[in-house]
Amino acid sequence: MRSTRVHLSSTPVIGSLLAAGSALIAAFVFAPAALLDGAVSGDAAGRSLTEYWRSGGSRYPALLASLVDHWFRWHAIKVVISSLMIAVFALLAVALWRRYVHGAAGHATGAIGATVFTVLATGLLILNIQATAVPLVALLPMPTAGAFGPILHEIRAALTDPAGGPPALTVLLGEVERYHRVMVATSATVLAALAPAGAALWRRRGAGDARLRFMRRTLSVILTVTASLLLLLVVAGALSAAAPADTLLTVLPPG
């Protein structure tokens, strides 16, 4: 009995990867709300944070604890989906680059697009890991002015002397610092993984035929831009973590 091999760069596999990537993009947008019966409302977030601020304690009230758990699960779902997106779009990029290198010139645009989508999915993964790790801070920009407005000035006033603020302020400052430390850790990890690959591609950019050279140069440019953005995230995250009071002011909704 003759066996058949399905190659990654075959048309059926590429079609399946395109379909899977499209489905995952749709799932990223719609699945959390569908699985968790809706998003957190701005009014509920405002009421829960107002209750917490005025509770006089550091423990989350029931409503805020429920919303923090909901937001944790919301972003955890997105972590899973964005991880799958990275795998699918990376495989699609490899498949399309192979087709391009082996003669299908028209696949260069698709290969570049799939590579960029892989980078974007990595960015989504980083942001959702951050929000999953510290969901309270991810909730802070959400309150509507009507629900949260009355205590915004109290928080801003307390930030002028954080040591004399209520216990909730101490928790908020600690969570803001942790939120940005997670950003630093995840961005630095991805940067450390990408930098050697980018350097290797750049060193070999002039080797091989014209198509290999184009592929390597294109990938090295994309990786260099990505590495630069990750470095900015690391620096911005470190600065934000070092000044949590100033950072908290930028996270809170206007009002």
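Helices are DSSP runs of H or I with at least four residues, strands are runs of E with at least two, and both are numbered from the N terminus. This is a predicted model, in which local features need pLDDT of at least 70 and side-chain atom pairs count only at pLDDT 80 or more, while totals for chains, interfaces and linings use all residues. Residues are numbered from 1 along each chain as its sequence is written, and side-chain values use heavy atoms, with hydrogens and water left out.

**View 1**
Asp37 is exposed, with a relative accessible area of 75% (buried means under 20%, exposed over 50% and partly exposed in between, with a 1.4 Å probe and protein chains only).

**View 1. Helix 1 beside helix 3.**
Here helix 1 (residues 11-36) meets helix 3: their axes come within 9 Å and cross at roughly 170° (axes are lines fitted to C-alpha atoms, for helices over the stretch in contact, and angles run from 0 to 180 degrees between N-to-C directions). The two helices are therefore roughly antiparallel to each other (over 145 degrees; under 35 counts as roughly parallel, 65 to 115 as roughly perpendicular and the rest as oblique). The crossing of helix 1 with helix 3 is left-handed (the near helix is turned anticlockwise from the far one by less than a right angle; clockwise is right-handed). The residues in this contact comprise 24 nonpolar, four polar and three charged (Ala, Val, Leu, Ile, Met, Phe, Trp, Tyr, Cys and Pro are nonpolar, Asp, Glu, Lys and Arg charged, and the others, Gly among them, polar).

At 11% relative accessibility, His75 counts as buried. Apart from residues up to four places away in sequence, His75 touches Asn128, Ala131, Thr132 and Ala138 (contact means heavy atoms within 4.5 Å). Ser82 is also found in helix 3, and with a relative accessible area of 0% Ser82 is buried. Again leaving out residues up to four places away in sequence, the partners of Ser82 are Phe28, Ala121, Leu124 and Leu125. From Ser82 to Pro61 there are 21 residues in sequence and 31 Å in space, C-alpha to C-alpha. Another residue of helix 3 is Arg99, which is partly exposed at a relative accessible area of 22%. Neighbours within four places aside, Arg99 is in contact with Ser9, Ser10, Thr11, Ile14, Ala104 and His107. Arg99 and Leu8 are 91 residues apart in sequence, yet 9.7 Å apart in space, C-alpha to C-alpha.

**View 2. Helix 4 alongside helix 8.**
Helix 4 (residues 108-133) and helix 8 (residues 210-242) have axes 11 Å apart and pack at an angle of about 20°. That makes helix 4 roughly parallel to helix 8. Their crossing is right-handed. Look on helix 4 for Ala108, Ile112, Thr115, Val116, Val119 and Ile126, and on helix 8 for Phe214, Thr218, Leu219, Ile222, Thr226 and Leu230, which make the contact. By type, the residues of this contact are nine nonpolar, three polar and no charged.

**View 3. Gln130 and its partners.**
Gln130 lies in helix 4. With a relative accessible area of 3%, Gln130 is buried. Setting aside neighbours within four places in sequence, you will find Gln130 in contact with Tyr179, His180, Val182 and Met183.

**View 4. The nonpolar cores.**
The largest nonpolar core has 64 residues, of which Trp53, Leu140 and Leu248 touch the most other members (such a core is a set of buried Ala, Val, Leu, Ile, Met, Phe, Trp, Tyr and Cys residues joined through side-chain atoms within 4.5 Å). Helix 3 (residues 62-101) gives the most to this core, with 18 residues. Leu140 touches Leu49, Leu172, Val176, Leu248, Val251, Leu252 and Pro253, when residues up to four places away in sequence are not counted. A second, separate core has five residues, including Ile126, Met183, Leu191 and Ala227.

**View 5. Ala158 in helix 6.**
Our last stop is Ala158, whose place is in helix 6 (residues 145-158). Ala158 is buried, with a relative accessible area of 14%. Beyond residues up to four places away in sequence, Ala158 touches Trp53, Pro166 and Leu169. Ala158 and Ala210 are 52 residues apart in sequence and 62 Å apart in space, C-alpha to C-alpha.
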